[in-house]
Amino acid sequence: MSTLPPCPQCASTYTYEDGTQLVCPECGHEWSAAAEAEAAPAARVWKDAHGNVLQDGDTVTLIKDLKIKGSSSVIKVGTKVKNIRLLDSDDHDIDCKIDGFGPMQLKSEFIKKA
């Protein structure tokens with residue numbers, strides 16, 4: 001069994017070493033083995049509008065009135081949201097259920113930790 005990482009372009013598991021380079025025989029991509037070791041992804045940290053670190057299960061409060069897309073309703077400032085789940089997404093960071101509105105996703109820039 002090979003312990004070499006898969007190709008970063010095509011995800012092929014048939015990579016091999018050629019000196020200090022790693023090579024993918026399927027797509028021809030070459031990359032440095034040293035760069036692969038340095039490029040370990042850092043753990044993502046979610047922060048609220050005031051810089052407090054958020055965790056799954058936290059209770060947060062809205063700091064801005066938020067219009068609901070596709071509706072004339074507005075979620076008012078100060079609304080508490082309990083038991084949030086953090087998402088590893090580029091657009092919305094938080095998945096939650098707001099009483100009276102149902103499930104939705106929020107951006108961390110519009111909330112503060114309660």
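I started with strand E2 (residues 21-23), which pairs with E3 in the antiparallel sense over three bridges. For the bookkeeping, helices (H or I, at least four residues) and strands (E, at least two) are DSSP runs, numbered from the N terminus, and two strands pair if DSSP finds at least two bridges between them. Within that pairing I noted Gln-21 opposite Ser-32 in E3.

Ground rules before going on. I am working on a predicted model, where local features need pLDDT of at least 70, side-chain atom pairs count only at pLDDT 80 or more, and totals for chains, interfaces and linings use all residues. Residues are numbered from 1 along each chain as its sequence is written, and side-chain values use heavy atoms, with hydrogens and water left out.

**Sheets**

I looked up the rest of the E2 sheet: it is open, has three strands in the order E1-E2-E3, and the pairing is antiparallel. Strand E1 (16-18) and strand E3 (30-32) are the edges; each has a single partner strand, so one side of each lacks a neighbour in the sheet. Neighbouring strands here are turned by 35 degrees against each other on average, direction ignored. The axes are lines fitted to C-alpha atoms, for helices over the stretch in contact, and angles run from 0 to 180 degrees between N-to-C directions.

Another open sheet of three strands runs E8-E9-E10, with antiparallel pairing. I found five bridges in the antiparallel pairing of E9 and E10, and the bridge partner of Lys-97 in E10 is Pro-103.

I then checked Asp-99, in the loop between strand E9 (94-98) and strand E10 (102-106). Asp-99 is exposed because its relative accessibility is 71%; the classes are buried under 20% relative accessible area, exposed over 50%, partly exposed in between (1.4 Å probe, protein chains only). Its C-alpha is 9.3 Å from that of Lys-82, 17 residues apart along the chain.

**Cysteines**

How many disulfides are there? I got zero, taking a disulfide as a pair of cysteine sulfur atoms within 2.5 Å. Cys-10 is in none, and its nearest cysteine sulfur, that of Cys-24, is 3.5 Å away. Cys-27 is in none either, with the sulfur of Cys-7 nearest at 3.6 Å. Cys-10 is partly exposed at 36%, and Cys-27 is partly exposed at 38%.

**Salt bridges**

My search of the whole structure gave five salt bridges, each a side-chain nitrogen of Lys or Arg within 4 Å of a carboxyl oxygen of Asp or Glu.

One of them joins Asp-93 and Arg-44, with the closest N and O atoms 3.0 Å apart. Asp-93 sits in the loop between E8 and E9, and Arg-44 in the loop between helix H1 (33-38) and strand E4 (60-62), so the pair ties together parts 49 residues apart in sequence. Asp-93 is buried at 9%, while Arg-44 is partly exposed at 37%. I also noted that Arg-44, Asp-88 and Asp-93 are linked in a network of salt bridges.

Arg-85 bridges to Asp-95, closest N and O atoms 2.3 Å apart. Arg-85 lies in strand E8 and Asp-95 in strand E9, so this pair ties together parts ten residues apart in sequence. Asp-95 is buried, at 17% relative accessible area.

Asp-91 and Lys-107 form a salt bridge too, at 3.8 Å between the closest N and O atoms. Asp-91 is in the loop between E8 and E9 and Lys-107 in the loop between E10 and strand E11 (111-113), 16 residues apart. Asp-91 is partly exposed at 44%, and Lys-107 is partly exposed at 27%.
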